[in-house]
Amino acid sequence: MEAEALTPGQAARRDVWDPAERRATRERLRADMRRRHLLGPRQRSALDGLVHALKPRSMDPSFPARVLLAYDLGSARRPAAAVVAVGEPATATHMTWQVSGMGVFVHTAMWGSVREAGQLWAAQRAAGAADPCVVSWLGYHPPGPWGALAGRHALRGGARLALHLAGWFEYRERLAAGRGAALGARPGAGRGDGPGAAPAPVPAAGAALPVHTAVEAHSYGTLVAARALQILQRRTPPRSVDALVVSGAVGLPRDLAGHPELLGLTADQVYFALTRSDYLSWLGTRLSGRRPWRKATRLKIAADEALDLAAAVGHNTSRFRPDAGFLHRGRGYRDVGTASLYRIARATAGLAVD
């Protein structure tokens, strides 16, 4: 039996947090593995990258299990989409959505994208986050260099990201309501076990769990994230994350420039990272006619000898390749051992960045 084919829009509308849906997604992946020989080359590459990223031993053994939330293998004309969580969303104290930029596809960069999410997870844990979860979100069609100058991909991608973010908030509220009902029904629940003990407070239905939610985006993904947060503010009720961290940004749409409140944020909740050698960010902003990110906290990402942290070089998120030659010297924004990853982790976890 062939697996069900979904468009990215259909995949985005599904409730990826529902346990039954998550089981169905895993079964669909197994069915796709059985029919791998029938898939096209790009679909096979996407499937292989996704399966490899989910294997327990394919990455640093300190990383937690990866959770497949949603995927679509695409077609000959439409690229694949995938959403993978590093850590367990149901128990997370910190949830971070990681959005990548131009040219980052499931069929070429799935394993690397999930590894970057794992590296951020580890950095958040080292910073003091109790039980973080980082979602590697490759849920849109990323543009190439010339397409990055337009905003069409950001609008479409932002709409899909907003659906998944809204689903996350609703999932938190369902968990809070379920736990509150269970607590209220438990015999003798309260402050103390003796007769006449005051009953424990029961969370009201719809009350949000205390989970720090952030979005971390790079390059063209910063535009996708901005549009998603703007869309969330237009919902009823409006939804807001606790922090937005952008690196290597290629500008901000004119209608949003200077107005973080349109994203449901204050300037203190927006963080900006940019290397001195990131010329693609500079070109993308100027050639597109977009505005720079101004109302944001600039992260210090230069080399820090006191913390034994290196500076990031250029525009990429991951550059470090031991013994790869002159052109691959240096590290990217999300590489282990960089001041940028150190401070991005602290910012997304709601901790002091200096």
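Is Asp-308 buried or exposed? At 68% relative accessibility, Asp-308 counts as exposed. The model is predicted.

**Helix 3 and helix 4**
- Helix 3 spans residues 41-54 and helix 4 spans residues 106-127.
- Their axes are 7 Å apart, at an angle of about 10 degrees.
- Helix 3 is therefore roughly parallel to helix 4, since angles under 35 degrees count as such.
- Helix 3 contributes Arg-42, Ser-45, Ala-46, Gly-49, Leu-50, His-52 and Ala-53 to the contact.
- Helix 4 contributes Val-106, His-107, Met-110, Trp-111 and Val-114.
- The residues of this contact comprise 7 nonpolar, 4 polar and 1 charged.

**His-218**
- His-218 sits in strand 5, residues 212-218.
- His-218 is buried, with a relative accessible area of 6%.
- A polar side-chain atom of His-218 lies 2.9 Å from the backbone oxygen of His-315.
- His-218 also touches residues beyond four places away in sequence, among them Val-99, Ser-247, Asn-316, Tyr-333 and Arg-334.

- Most residues other than glycine have a negative phi, and most peptide bonds are trans.
- Ser-219 has a positive phi, near 55 degrees.
- Ser-219 lies in the loop between strand 5 and helix 6, and is buried at 3% relative accessibility.
- Asp-308 has a positive phi of about 55 degrees.
- The loop holding Asp-308 runs between strand 8 (297-298) and helix 8 (339-348).
- The peptide bond from Thr-236 to Pro-237 is cis, with omega near 0 degrees.
- Pro-237 is in the loop between helix 6 (221-233) and strand 6 (243-247).

Key. Residues numbered from 1 in each chain as written. Predicted model: local features only at pLDDT ≥ 70, side-chain atom pairs only at ≥ 80, totals over all residues. Heavy atoms only, no water. Axes fitted to C-alpha atoms, helices over the stretch in contact; angles between N-to-C directions. Helix = DSSP H or I, 4+ residues; strand = E, 2+ residues; numbered from the N terminus. Parallel < 35°, antiparallel > 145°, perpendicular 65-115°, else oblique. Contact = heavy atoms within 4.5 Å. Nonpolar A, V, L, I, M, F, W, Y, C, P; charged D, E, K, R; others polar. Buried < 20%, exposed > 50% of the residue type's maximum accessible area, 1.4 Å probe, protein only. Polar contact = N/O pair within 3.5 Å; in protein donor to acceptor, adjacent residues only side chain to side chain.
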